[in-house]
Amino acid sequence: MMSKNETMALAMTTYNAGAYLDEQLDSLRLQNVPFDEVVIVDDCSTDGTPQRVEEYIRKYDLKTWKLYRHEKNEGFISAFRDALSYCDKELIFLCDQDDVWYPEKTETIGEVFARHPELQVLATSFDLIDENGERIADKPMAKRMNHNLIRRPLEPGAFSWLSFDDVIGYNVSPGCTLALRRSLRNQYLTTPPDMTLPHDWAMCVIAGVGNGLGYLDMPLMGYRQHSSNTLGLKRRSTYEERVKAARIDARQKDAIAVLARSFNAPAPSIRKAEDVAQFFAQRAEALEERSIFELTSLLVSSTGSGFRLTIGMDIRTVMAYKGGSAKKDEPSQTNAAEMQAKAAEKAEDKTESSIPDQESK
């Protein structure tokens, strides 16, 4: 059973919530174990979202629910920072505006924290759902977990510890699945507000540095996919999209290295974070220059399977780029690169992760 001392708060943000807001609020209100506090920060919606939230709170007389409004649109990271700062309970759950939580979510997560006092951040699995709430079939890959976001095998259906290495290259779960202790929240709020790393990933990194990051392989919510998602499970298929994503990736990996140093990670972890940051900076430069030679060199030198697949997709995208051919490369190098890229795809079950690392808005 969950410890009675583990009070629970919800940190939720809204922005032009649209059609799914009431269904999400219903799923939060009807949890088997209710929240002691619900904090909702509206990021200057223009479609009446805050009025809808206020009406919902009045309708159900939700005295522990509080709504705060931004006077200008500040972005989802700023909105979540504010929501987190307003929470005053021991466990804090993160929440988006358009998903559906299963009734047992708070109860199950609370019990995991009670069993593991050293746990600082817990990620859980989820079901993919469409605009109508129907489940979406996924494409699981060998030796991966959580819709391919965790790039190593774990015990199915069980709790597992994750390490700093698990989050150094890619995020392991959408932020809406996370719950964290207030002490971890306090650590996160010491980081720069303009940090390029999304809040959820940053908190997982901090927890990983402190050996307090866990994962429960149990779907506790429906994670909705639709055209209006701020962060979605988007495949970066065009050259322009991959270049934009590569620039963001490079900045995010640099931010992870900064976090590793700031929170006193062991020296080998700091060196690895710095190596990863350098790798992604080189990848972004090579992709911008459409250099098959440099991308192939990175592909050969990479030790992470996820990294190899990313570079392999970069190579295939550059070769198919309709805006022009690859620069600075000979045809023989291009042919060799294509063979390398195909080998990387074959090694990863011939498909890129169904949930690539998420792209900031």
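Reply: Let us start with a term: a residue is called buried under 20% relative accessible area, exposed over 50% and partly exposed in between, using a 1.4 Å probe and protein chains only. Please keep in mind that this is a predicted model, in which local features need pLDDT of at least 70 and side-chain atom pairs count only at pLDDT 80 or more, while totals for chains, interfaces and linings use all residues. Residues are numbered from 1 along each chain as its sequence is written, and side-chain values use heavy atoms, with hydrogens and water left out.

Me: What share of the 361 residues in the protein chain is buried?
Reply: Buried residues make up 55% of them.

Me: And how many helices and strands does the protein chain have?
Reply: The protein chain has 12 helices and nine strands, where helices (H or I, at least four residues) and strands (E, at least two) are DSSP runs numbered from the N terminus.

Me: How do strand 2 and strand 3 pair, parallel or antiparallel?
Reply: Strand 2, residues 37-42, and strand 3, residues 65-69, pair in the parallel sense over five bridges; two strands count as paired if DSSP finds at least two bridges between them. One of the partners is Lys66 in strand 3, which bridges to Val39.

Me: New topic: how many aromatic pairs are found in the whole structure?
Reply: The search finds 13 aromatic pairs, and rings of Phe, Tyr and Trp (its six-membered ring) pair if their centres lie within 6.5 Å, with planes under 30 degrees apart counted as stacked, over 60 as edge-to-face and the rest as tilted. Among them, Phe35 and Phe93 have ring centres 5.4 Å apart and planes at 85°, so this pair is edge-to-face.

Me: Where do Phe35 and Phe93 lie in the chain?
Reply: Phe35 is in the loop between helix 1 (21-29) and strand 2, while Phe93 is in strand 4 (residues 91-95), 58 residues apart. Phe35 is buried, with a relative accessible area of 9%, and Phe93 is buried too, at 0%.

Me: Why is the pair of Phe280 and Phe307 edge-to-face?
Reply: Their ring centres are 5.1 Å apart and the planes stand at 85°, so the pair counts as edge-to-face. Phe280 lies in helix 9 (residues 267-288) and Phe307 in helix 11 (residues 305-319), so the pair ties together parts that are 27 residues apart in sequence. Ring pairs also link Phe280 and Phe307 with Tyr170 and Phe279 into a cluster.

Me: Which residue lies over the face of Tyr170?
Reply: Arg151 does, at 3.7 Å from the ring centre; a charge sits over a ring if NZ of Lys or CZ of Arg is within 6 Å of the ring centre and within 35 degrees of the ring normal.
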